[in-house]
Amino acid sequence: MRNLIPFPSNPQHIEYLVLIRDAKKISGEIDHKSLLVSKHAEIVASYAAFARAIQRNELGTLVPNPALTPIHRSLVSCYSNRSSGVGDLKKTISSVHGLRVLKYCPMCGVTSPTTHDHYLPSSQFPEFSVHPVNLVPCCSTCNSTKDDDWLDQNSRRQYLHLYSDLIPADVFLEVTLHSPATLSGVGATFALSRPTGFRLKDWRLVQSHFARLKLLDRYTERSNAEIAEILESCAEHLLHGGSQPRRFLRGIADRQELIYGTSNWRVQLMRELAASNKFQRLIAAASAGPAS
Ligand SMILES: [Zn+2]
């Protein structure tokens, strides 16, 4: 897991909303464009408050702008698929990160990010419905699990905002290998461990993010298939004249760590497998050919 790449501030974030607003045509009885223009100063003030909250790491204290309540529908309508410019905004968000960073959902690292989560829910903060830093690429599982529940009952944030929240640079995801009767002969379970010096306040948010999205269980569920694939890759490496499977595996882990962060579950799984003597024996057996 790692932070998303900071979204460029040039053009200013508000310009994406202006582009979408100005392309709007009058539909039905509501002139969304005129309503949005009439409240532009308030929208700009809200964008400034959002930027300040991120800068001060006080995102949880942000409250909706009551002056914008009367144009709630017009603000939400900006994110509609029918709105010209939304597709371009999503493409810009993707292009900032490149193909490989967004191969997996940044919130879980498990599946493809086919949706965008409004970190500050558009039902409560319609003013940020097309704010690029409020749109987090993520998978449908993470998106539907988080939904509008960005705060808990005590008004504390429950999920990491991947553009701005602190994620430990040191390893905080631990892998334990065990030997169940699986196809590969090795299984894995995952646990969190607070790195020394990482503030408890920030750590609670990391823990909450993992707990709400059930990430440790999701990693464990997928680990057997992942281990089987890693085993096959290592066996193929040996079968085609390669040597030193530990080094081979660590090399892949090093490269993936640069893209997905130190505590990515696959990266840590590969490191643990590279250190395992049993896994080395399994690789040797697999590369000797199919059992007769
Ligand atoms: Zn996800």
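Is Y47 buried or exposed, and at what relative accessibility? At 7% relative accessibility, Y47 counts as buried, a term that stands for under 20% relative accessible area, with exposed meaning over 50% and partly exposed in between (1.4 Å probe, protein chains only).

The model is predicted, so that local features need pLDDT of at least 70 and side-chain atom pairs count only at pLDDT 80 or more, while totals for chains, interfaces and linings use all residues. Residues are numbered from 1 along each chain as its sequence is written, and side-chain values use heavy atoms, with hydrogens and water left out.

**Aromatic pairs**

The structure holds 14 aromatic pairs. Rings of Phe, Tyr and Trp (its six-membered ring) pair if their centres lie within 6.5 Å, and planes under 30 degrees apart count as stacked, over 60 as edge-to-face and the rest as tilted. Two of these pairs are set out below.

| Pair | Arrangement | Centre to centre | Angle between planes |
|---|---|---|---|
| Y47 and F128 | tilted | 5.8 Å | 55° |
| F125 and W150 | edge-to-face | 5.6 Å | 85° |

Y47 lies in helix α3 (residues 40–55) and F128 in the loop between β1 and β2 (135–138), so the pair ties together parts that are 81 residues apart in sequence; helices (H or I, at least four residues) and strands (E, at least two) are DSSP runs, numbered from the N terminus. Elsewhere, ring pairs link F172, F190, F198, W203, F210, Y219 and W265 into a cluster.

**The zinc site**

The zinc ion is coordinated at 2.3 Å by the SG atoms of C105, C108, C139 and C142, where donors are N, O and S atoms within 2.8 Å of the metal (3.2 Å for Na, K and Ca). The four donor atoms subtend angles of 102 to 114° around the zinc ion, which makes the arrangement tetrahedral, a label given to four donors if all angles lie between 85 and 135 degrees. Along the chain, the donors follow the spacing C-x2-C-x30-C-x2-C. C105 sits in the loop between α5 (86–101) and β1 (115–118), and C142 in helix α6 (residues 140–146), 37 residues apart; both C105 and C142 are buried.

**Charges over rings**

The charged end of K146 sits over the ring of Y119, 5.0 Å from its centre, and R266 lies over the face of Y104, at 3.8 Å from the ring centre. Such a contact requires NZ of Lys or CZ of Arg within 6 Å of the ring centre and within 35 degrees of the ring normal.

Methods: Tetrahedral: all angles 85-135°; square planar, octahedral: opposite > 155°, others 65-115°.
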